[in-house]
Amino acid sequence: MNDRELKKMEGRWFLQYSGCPLWKRGNTDTISFNYELIYRGEELVLKEQVEFRKNGKMKMKRGYEVPKEGTNILEWRGVGMNRLFRNRSKVLYNDEGILIMWFEKTMSTPESIDVLTKKKHLSGGESAYIFSLLDKIDGSDKYMNELESVNIL
């Protein structure tokens, strides 16, 4: 993943659709991923802060998305209470304020995809457009049955 692609990920993204059970629980809503491009030593990485509301209280997860050279794969490393956790993801699409990512299976989550947008609330037409994009992504059909809308207040 080159520096330009990382730069396109900067900013705040709202989770719209997910196949991850963690985000589909009824007591979790308004999930946003906040990315900041920084140098960590000689390495250009994305500092990540995930904010969400669970049972009406704001929660956060922090970490770093470290690009694997020559690929669209990011290796997530948690910080603080999450420092023992690792995860791999892959950018499947990043254009027009739409970010579609694949996440590997971990001990606590299944392999899945997430759809994030720069806009907090989507129209029906925008959602239909996103699903037309998903239809064009090779292999995404195997995740579609698990993909659900995420609560955004």
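In which sense do β1 and β8 pair, and over how many bridges? Select both strands: they pair in the antiparallel sense, over four bridges. Keep in mind that the model on your screen is predicted.

**Stop 1**

Zoom in on F14 and you will find T117 of β8 standing opposite.

Next, show the side chains of β8. S112, D114 and L116 point one way, while I113, V115 and T117 point the other way. Six of the six residues of β8 are buried, so the strand is largely enclosed by the rest of the structure.

Stay with S112 for a moment. Its relative accessibility is 4%, and because buried means under 20%, S112 counts as buried. Leaving aside residues up to four places away in sequence, S112 touches G19, C20, M101, W102, F103 and Y143.

**Stop 2: the nonpolar cores**

From S112, move on to its contact M101. Which residues does M101 touch, not counting those up to four places away in sequence? Select M9, Y35, L74, S89, K90, V91, L92, S112, I113 and D114 to see them.

Here is a general idea to carry along: in soluble globular proteins, nonpolar side chains tend to be buried together.

In this model, the largest nonpolar core has 21 residues, and M9, W23, I31, F33, Y35, L99 and M101 touch the most other members. The elements that each give two or more residues to this core are α1, β1, β2, β3 and β7. The largest share, four residues, comes from β3. Apart from this core lies another one of 13 residues, including I100, I130, I137 and L147.

**Stop 3: helix α3**

Select residues 124–136, which form helix α3. At 1.5 Å a residue, its 13 residues should span 18 Å, and the end C-alpha atoms are 19 Å apart, which agrees.

Which residues of α3 are buried? They are S127, I130, L133 and L134. Look down the axis of α3: these buried residues fall within an arc of 115 degrees, so they line one face of the helix. As a rule, an α-helix has 3.6 residues a turn, so residues three or four places apart point the same way.

Turn to the other side of α3, where G124, G125, D135 and K136 are exposed. Then bring back the strands: what covers the buried residues of α3 includes β1, β6, β7 and β8.

**Stop 4**

T30 has a positive phi of about 50 degrees although it is not a glycine. You will find T30 in strand β2, residues 28–40, and it is buried, with a relative accessible area of 11%.

Now jump to N55, in the loop between β3 and β4. N55 is also not a glycine, and its phi is positive too, near 55 degrees. Is N55 buried or exposed? At 57% relative accessibility, N55 counts as exposed.

Key: Residues numbered from 1 in each chain as written. Predicted model: local features only at pLDDT ≥ 70, side-chain atom pairs only at ≥ 80, totals over all residues. Heavy atoms only, no water. Expected span 1.5 Å × (residues − 1). Buried < 20%, exposed > 50% of the residue type's maximum accessible area, 1.4 Å probe, protein only. Arc of directions from axis to C-beta. Contact = heavy atoms within 4.5 Å. Core = buried A, V, L, I, M, F, W, Y, C linked by side-chain atoms within 4.5 Å. Pairing = 2+ DSSP bridges.
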